[in-house]
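Biologist: Could you walk me through reading a structure like this one? I would like to begin with the ligand.

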Amino acid sequence: MKQFTSAEMEERAEAILLRMTLEEKAAQMVQVPVAYVTREEALLWARRGAGSFLHVLGDDAREIQQEALQTRLGIPVLFGIDAIHGHGLNQKATIFPSQLAAACSWDPSLVEEMGRVTAREVAADGLHWTFSPVLCLGRDTRWGRVNETFGEDPYLAGELGYAIVRGYQGDDPADGEHILACAKHYIGYGEAVGGRDSCDTEMTYRKLREVFLPPFARAVEAGVATVMTAYGSIDGTPFTASEKSLRTILKEELGFDGFVVTDWDNVRSLVEKQHVATDLDEASLLAARAGNDMMMTTTAFYESAIRLVKNGKLDERVLDEAVRNILRVKIRFGLFERAEQRGEQEKLGCAEHLASALRLARESVTLLKNDGVLPLGNSVRRVAVIGPNADDIRAQYGDWTYFTHPHPKPKYTAARPYVTLLEGILTLAKERDVDVSYARGCGVMHEECDDLDAAVNAAKNADVILLAIGDVVQQAGEYRDRADLSLSGRQEELFLRLRELGKPIVTVFISTKPLCICRVAEESAALIVAFNGGMFGGQAVAEAVFGALNPAGKLPISFPRHSGQIPVYYNNLPGWHGEKYVDLPETPLFAFGEGMGYSRFAYSDLQADAENLHVSVSMTNLGIRAGSETVQVYLRDLVSSVLTPVKRLVAFQKIALQPGETRRIAFELTRKDFSIVLPDEQTVVEPGDFLVFVGGSSKDEDLISTKISLRE
Ligand code: BGC
């Protein structure tokens, strides 16, 4: 396909724009929700020249595109879909671990591959654009959408965000194998007060720039084509109406040259939810002026925009600019050349793609505790698999699959292939001649056919008990924040009943996000965190249990001890007056970066060279198995003119070492890694002394440190 130069693209966009009527421009800025209009209305919108439709699959998309291509200007429609961890709204697609689970891999190349595979499957379905990745941070774990994040840390989220955008879009987004990405939700969405989805974010712009902007800046560096405006507000100004965040910061300062799409009906929400506009005309004016280029689902924007321009309230040049941004993306993406391209359905869920989902699931398995019971040795002849999440593929998948999403309609029958934990254990146990008994024990939510006695019975002759607990999709997602993060239903009671048997319990945590599991963690012999591992999450954990896999996942998020401790994250600003609550330690139950395997790694001889900002360390595998470990580099600014985090991640590398092997690992830092944001929002580097920490987690005891002096 012909590649256009930037000048040619601008010229082409301009030529189309010149021919467009006011009505065609207003329509181009509208994204139509197919599930909420009739077929006739959808076709009417196509004839009007709507810029995009969302949640259309297969043949419906082709019919709408045909209609659009027959219009006067024949501007093709962009079809957007929520392909969040795989093209999961389609039952034939490959389902990957959730973003949070994928982040446990700390492996940008595998996350890029997840993006690449998802892009191929979405493109094979004839669609163009995914509303992914989520670059909000998961710092308040009460929030229902923590599963969609890459965890709590700006740097890790930025690196994985960069990787997945590259995976979706490739070097040439017009090659038919790639799709457009959307960095969302811009910005500060996860910081809503009380973890309450879409509420106000009480935050200064200084903090926003320091903590929440960096992942979006990385996505812009990766060339992300679109950005989605968050639902919430910052200190009383809706993000949808925020010229400062959209025009000044995103477009002018970061140089984002794609287009901004609002989230679901944000424009109407300015009137009906946030009460900053009296009617849709006023709301449309605010949204367009602030820099939103496309309005998701608020189709009434069309009439409002036309009216506003005609009565002189809105300068038509504002529409021109938005439409130019949309056209530029469509041209760069090659949409005009391949609007009618038919997909290759056989790519969906093909062997190569499934292998990629398995690879990522394996790298995401995170072992947090092991008293030596794992991997199960030859003396273990009988295993009991117990718990509500041991054989529940919906819980294993988590949010954003064909099970959960209302559009297209949810399908409650599970499509193969997939492997639950029980199935994974059964397969590997058979090969090893190990007996397996199974009982669900209880449900996750309320009493759902609970039978704790049956679980105890099934476990009583076992050598080891595998207990799969966590949460279910009804407890996560939009509108589903939790005030209480303790284990729901009778899960803890089930654990305690099993505990009475006096056998080692290996707890497997299959959950959308961290919950407060202190007692279970303390009294389990081993604890594996899987979060939502996708199609092969169960297989990957089973492999780790039997030792076919040496787990290497690291937590991208802290586990609170108690809901009252939230938010808890590792990179907090320093304070004093005690390091603990009266009734609890301040530290998390498990910290950011934590995770062990069946090998043990030692760090020594840390060197930091202030001349070239070069950091190096020796790392040895002290274990008897080959294994991988993610080496993490943190910085602490010893004196700065504003408070800076006690530690913040600035680099990491995942290293595989043979038993007994020692290797020197090197990191190149940049001056930017040392920067801070001042109260006037300027980003500066203040020379002086810093501590460099290197090791296997963010916890002090897992790190060695040295001083580095940054010169002028
Ligand atoms: C969500 C977005 C999503 C959009 C389209 C919204 O409710 O917040 O993340 O992309 O719907 O489904």
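Modeller: Happy to! A residue is near a molecule or strand if one of its heavy atoms lies within 4 Å of it. In this case 13 residues surround the ligand, and the closest are Asp 82, Arg 145, His 185, Tyr 231 and Asp 263. Please keep in mind that this is a predicted model, where local features need pLDDT of at least 70 and side-chain atom pairs count only at pLDDT 80 or more, while totals for chains, interfaces and linings use all residues. Residues are numbered from 1 along each chain as its sequence is written, and side-chain values use heavy atoms, with hydrogens and water left out.

Biologist: How many residues of each class does the shell around the ligand have?

Modeller: For the classes, Ala, Val, Leu, Ile, Met, Phe, Trp, Tyr, Cys and Pro count as nonpolar, Asp, Glu, Lys and Arg as charged, and the others, Gly among them, as polar. Here the shell has six nonpolar, two polar and five charged residues.

Biologist: Which distances should I look at for the side chain of Asp 82?

Modeller: Look at its N or O atoms: one is 2.5 Å from an oxygen atom of the ligand. For Arg 145, a side-chain N or O atom is 2.7 Å from a ligand oxygen, and for His 55 that distance is 3.2 Å. The protein buries 97% of the 310 Å² that the ligand exposes when taken alone (accessible areas come from the Shrake-Rupley method with a 1.4 Å probe; for residues, only the protein chains shown count as cover).

Biologist: And how is a pair of helices read?

Modeller: Two packed helices are described by the angle between their axes and the distance between the axes. Axes are lines fitted to C-alpha atoms, for helices over the stretch in contact, and angles run from 0 to 180 degrees between N-to-C directions. Helices (H or I, at least four residues) and strands (E, at least two) are DSSP runs, numbered from the N terminus. The axes of helix 11 (residues 280-290) and helix 12 (residues 301-310) come within 9 Å and cross at roughly 80 degrees.

Biologist: Which residues make the contact?

Modeller: With contact meaning heavy atoms within 4.5 Å, helix 11 contributes Leu 280, Asp 281, Ser 284, Leu 285 and Ala 288, and helix 12 contributes Phe 301, Ser 304, Arg 307 and Leu 308. These residues divide into five nonpolar, two polar and two charged.

Biologist: Where is a cis peptide bond?

Modeller: One joins Lys 184 and His 185, with omega about -10 degrees; His 185 sits in strand 5 (residues 182-186).

Technical notes: A polar contact is a pair of N or O atoms within 3.5 Å; within protein, one must be able to donate a hydrogen and the other to accept it, and residues adjacent in sequence count only if both atoms are side-chain atoms.
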